[in-house]
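Visitor: I'm new to this one. Can you walk me through it?

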Amino acid sequence: MTQPKTYFVRSYGCQMNVYDAERMEELLGADGMTRAESQDDADLVVLNTCHIREKAAEKVYSEIGRIRKKGEKSGRKAMVAVAGCVAQAEGEEIARRAPSVDVIVGPQAYHRLPAMTRTAAAGTRAVDTDLPTLAKFKALGTARRARPSSFLTIQEGCDKFCTYCVVPYTRGAEVSRPADILLEEARKLADGGAREIVLLGQNVNAYRDEHGVGFGDLIGRVAAIHGIERIRYTTSHPADMTDELIAAHGEIQALMPYLHLPVQSGSDRVLKAMNRSHTAESYSDTIAALRRVRPDIAISGDFIVGFPGETEAEFEETLKIVDATRYAQAYSFKYSPRPGTPAATMDTQIAELVKAERLERLQSALNAQQIRFNQNSVGLCVNVLIERPGKREGQVVGKSPWLQSVHFDAEGAAIGDIVAVEIESAGPNSLAGRRRMSDDRTGRGQVA
Ligand code: 5AD
Ligand code: SF4
């Protein structure tokens, strides 16, 4: 096989993978390769995979099969690299199930991807699934392509070991990147045109660097960077919502009024079996404290239904916490047994049909809340950070402070601008409106 000249990175799963995929593209670009228009045109296809649920992992194998078949048909075989969490968790199984894969690289080793393509081009499959997180970031440096809303990974890995979750095994132990390096990266992003920074981590609010800089402190320092108008962070654990961090939501103007705070279940027995170190009550207390300091904060969450042993009454407690919390947005899943996790071998697994029925009930409650939340925005004038062109000529799409997508006519505004938009209509997943020309200002909250 010859050394690839073009690449295509396809990403699955969470925002951390989106960040990683961009860094891989930068690495391959710096190594002299160019980005192919589509996966089918590329000499190198990188599948940046997700292992969180069974369906996500199975998608990878069917995609590998599709690429191989296409190569056989056209006689032009692309180099295939499997990156991300499936590579980390199932490196050996990939080699067995999909012998056509040329490179297997885990999430903490992808800085070696260019070198690994050369090994593969020379005819040997290249495999690296070591977990030295900080070595990777050192090798990557801080030169980045900025977007109006740019991701910044500040922390990786997880020490929480929820009994259903593969993350502690695929991403390794919690590691926080040093604040000074993060601030340098954030400043470069701001200079390159970023107006919003999204701080990323599997347990982002457990952030604490080796010099003792905590998460609230880091947010304050990023907020002080010239050009940065908005800050978000994801994903948080309820147990790490410290008083200092809650207070920051009331004090730091740039911190957007939106928080993704997974609860997973409303039943204390299930939460305990999940090893979630919080209760339904402590979660609700945290939400109440956040709403006291920032009354307009929108809450988003994650839920799992059908965890082993979950009874109908316990599931109904989840519906109760949904009712009480009033979510703006949420993600909900059927429990999926993951190899190597404690819950996968519990002998009280729930039937697929029961899981499906519970998921449907939960999702209909969550969808109704999301629609209500969006409808309540109609008539408001909100600041929107413009992120990309819309479908129609002259139309653009951006985000409200509450992370709602807003479609409107640019009328002279450009990508990266923050403008005031009067919301005229709401759908389940987005809003539409019209610019209010006299009111443009910073992106920090609502205009009227
Ligand atoms: N089954 C179903 N959902 C899961 N999640 C994590 N592991 C599993 C699993 N084994 C969900 C949780 C988590 C989100 C990222 O994915 O809700 O917060
Ligand atoms: Fe997984 Fe729990 Fe860690 Fe989140 S906190 S990554 S759900 S183990």
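Predicted model: local features only at pLDDT ≥ 70, side-chain atom pairs only at ≥ 80, totals over all residues.

Visitor: Is glutamate 156 buried or exposed?

Guide: Glutamate 156 is buried. Its relative accessible area is 0%, and the cut-off for buried is under 20%.

Visitor: Which side chain makes a polar contact with the side chain of glutamate 156?

Guide: That of arginine 171, at 2.9 Å.

Visitor: And which strand is glutamate 156 in?

Guide: Strand S8, residues 155-156.

Visitor: New topic: sheets. What is the order of strands in the open sheet of three?

Guide: S7-S10-S11, and the pairing is parallel.

Visitor: Which strands stand at the edges?

Guide: S7 (149-153) and S11 (230-234). Each has a single partner strand, so one side of each has no neighbour in the sheet.

Visitor: How are neighbouring strands turned against each other?

Guide: By 25° on average, ignoring direction.

Visitor: How many bridges join S10 to S11?

Guide: Five. S10 covers residues 196-200 and runs parallel to S11.

Visitor: What stands opposite leucine 200?

Guide: Threonine 234, in S11.

Visitor: What holds paired strands together, in general?

Guide: Strands of a sheet pair through backbone hydrogen bonds, parallel or antiparallel.

Visitor: Last one. Which helix lies across S7 and S10?

Guide: Helix H7, residues 179-191. H7 runs at about 165° to S7.

How values were computed:
Residues numbered from 1 in each chain as written. Chains lettered and ligands numbered in written order. Heavy atoms only, no water. Pairing = 2+ DSSP bridges. Helix = DSSP H or I, 4+ residues; strand = E, 2+ residues; numbered from the N terminus. Axes fitted to C-alpha atoms, helices over the stretch in contact; angles between N-to-C directions. Contact = heavy atoms within 4.5 Å. Buried < 20%, exposed > 50% of the residue type's maximum accessible area, 1.4 Å probe, protein only. Polar contact = N/O pair within 3.5 Å; in protein donor to acceptor, adjacent residues only side chain to side chain.
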